[in-house]
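I opened the notebook to record what I looked up in this structure, entry by entry.

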Amino acid sequence: MGRTLAEKVWDDHVVRRAEGEPDLLFIDLHLLHEVTSPQAFDGLRQNGRQVRRLDLTIATEDHNTPTLDIDKPIADPVSRAQLETLRKNCAEFGVRLHPLGDVEQGVVHVVGPQLGLTQPGTTVVCGDSHTSTHGAFGALAFGIGTSQVEHVLATQTLPLARPRTMAITIDGELPEDVTAKDLILAIITKIGTGGGQGYILEYRGSAIEKLSMESRMTICNMSIEAGARAGMIAPDETTFAYLKGRAHAPEGEDWDAAVAYWKTLKSDEDAVFDAEVVIDAASLAPFVTWGTNPGQGAPLSANVPDPASYEDASERLAAEKALEYMGLTAGQPLRDIKVDTVFVGSCTNGRIEDLRNAAALLEGRKVADGVRMLVVPGSVRVALQAVEEGLDKVFKESGAEWRHAGCSMCLGMNPDQLAPGERSASTSNRNFEGRQGKGGRTHLVSPQVAAATAVLGHLASPADLSDVATTAGV
Amino acid sequence: MEAFTTHTGRAVPLRRSNVDTDQIIPAHWLKKVTRDGFEDGLFEAWRKDSEFILNRPERQGASVLVAGPDFGTGSSREHAVWALQNYGFQTVISARFADIFRGNSLKNGLLTVVLPQETVDALWELTEADPTAEITVDLEQRKVLAAGIDADFELDENARWRLLNGLDDISLTLQNEADIAAYEAARPAHKPRTITV
């Protein structure tokens, strides 16, 4: 019987397999950041252990880093101490680190791919649940806890039970203004926040094949929001073209050998998935969340749902609590929801394509009065590219704030937070209660919906901007 | 890791689904660089409400958390497990756990017990009717026992063995040093490296 993509990559990394035990998997790439690593390094020290493979380990700073005044000492002493702890640990153990101020610094899941370190058929882990992002390359990539970070540092392996596999097939053409973000939000709403639990997802079908690498990363990134630790997309010419020439991509004979291997990384025709979901791309529309988990979403043209319409008691209760927290009323059109803040950034939508898409809609238009818009590039490299293309000017002229790279308002560990009761349209990945600041209310959206919302002041799609005059002569 | 064999204690019924890790321990607590001192951050936002179940006097000292489905969704932060343990919880019962949270729990000796929602409902009713009611989670027999409730639960044999004996995963893995070295020796040259060593 044939094997799925996930099974092939899994099998290629089994160090040891024994009856009644989890497989011991080799890890090709271990990404570190300041939040989930300090206790792991402490564990190494307490047990007199070293980092086994420094050449497969890399660290950056992202969660705590400020996006303003980065040349000054970090104001929050606790954030500063955590970053200093990472710097001390990396120096002591010899780990390559890209700290704040370094040209390769950025959100860890933006940094790995842009360096060419994330490659098809590799296993990638990080103490961060959005490690699933790297699955866009046909890598088996998943988030781990701090105990597992310590385990990988010490052994370069992880004991893991083999997950089941789920195919999510999306055929057809995505309508205009429908992005990878709308697609993944629609998938999560369809299968639920627990729908992918215990599975590795494989996104496939003609709609996926047409997507750029950056869009594929947006989709795989949010696999965890459907409960799946990992999501994958088979590598193809788009993948190879993205990697070619990157700092850590193979060269010469190694490149040829790598591509030959990468071309084998697709699910066999006769492979059997444990579950299958099929979605028609043409049926999709710009999608937003109305609730407090990423599965509580709807097309932008819909109304806030009535909790009474849910048959399942726990879903009904969850919807009631969500509407209460979000300050919304059943039946209210989603388009009528006014926002205070718009956030463009994060490992979900903080790459150059995302900034281009938002800037294209903002060019010649103004952010609505009373709306604050933050644009936070995913990495320093993304920021430099945006400046080269003049996108920073577009953002600034429209009234948006152009910031330095980092996780920023996705989770508000740095000063970029919502005030209690404030409402955001955010291109990030989680609309949990208080995620973007205590009492803050989050609607997850695509960069295009974020930009249109910023201009109009209420949740809106790019098509809604057709009545808004631009000064750009377009 | 602390071994887990059996535990008996009073319960906290948490009638919410999708209790995400941002609720269990908000992000600003993640700046700490230790594994302890997270107890005051546990459910921090909800605890501001004096009526929240954890604040009720009859729930003080409870050590068994009985929660709605999809407990622990969201981030990979192991701080969520440490916060529950620092507060005094020994075990969490739910119809479904997020994968990463469950893995983190097992690494720390916090036993996550999956039971059908009907059994969770029965446990909620029991402890709500009588907050002094005790629940026993017996890992040796893989059973949850309480007045009128005798429920079996599943946990894979390897995970159970590690928990019962409080075994350290890293030491276990390092027993396979020869296998790891053999794998490393056979890795293709085209695989990425972060530095030249």
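Entry 1, the model. I noted before anything else that this is a predicted model.

Entry 2, the chain contact. I looked up how the two chains meet and found 66 residues of chain A in contact with 51 residues of chain B. On the chain A side, helix α5 (residues 146-155) supplies the largest share, six residues, and the residues of that side divide into 23 nonpolar, 30 polar and 13 charged.

I then turned to the largest nonpolar core, which has 190 residues and in which V66(B) and L84(B) have the most contacts. Helix α6 (residues 180-191) of chain A gives the most to this core, with eight residues, and at least three residues come from each of domain 1 (5-275) and domain 2 (289-467) of chain A. Leaving aside residues up to four places away in sequence, I listed the residues that V66(B) touches, among them A11(B), V12(B), P13(B), I93(B) and W124(B).

Which residues of helix α14 (residues 380-388) of chain A are buried? I found V380(A), R381(A), V382(A), A383(A) and A386(A) to be buried, and their cover includes α4 (108-114), α13 (352-362) and α15 (391-398) of chain A. After α14(A) comes G390(A), whose phi is positive, near 80°.

Methods
Residues numbered from 1 in each chain as written. Chains lettered and ligands numbered in written order. Predicted model: local features only at pLDDT ≥ 70, side-chain atom pairs only at ≥ 80, totals over all residues. Core = buried A, V, L, I, M, F, W, Y, C linked by C-beta atoms within 7 Å. Buried ≥ 20, exposed ≤ 12 C-beta atoms within 10 Å, placed from the backbone. Helix = DSSP H or I, 4+ residues; strand = E, 2+ residues; numbered from the N terminus. Domains from an automatic or database assignment. Contact = placed C-beta atoms within 7 Å. Nonpolar A, V, L, I, M, F, W, Y, C, P; charged D, E, K, R; others polar.
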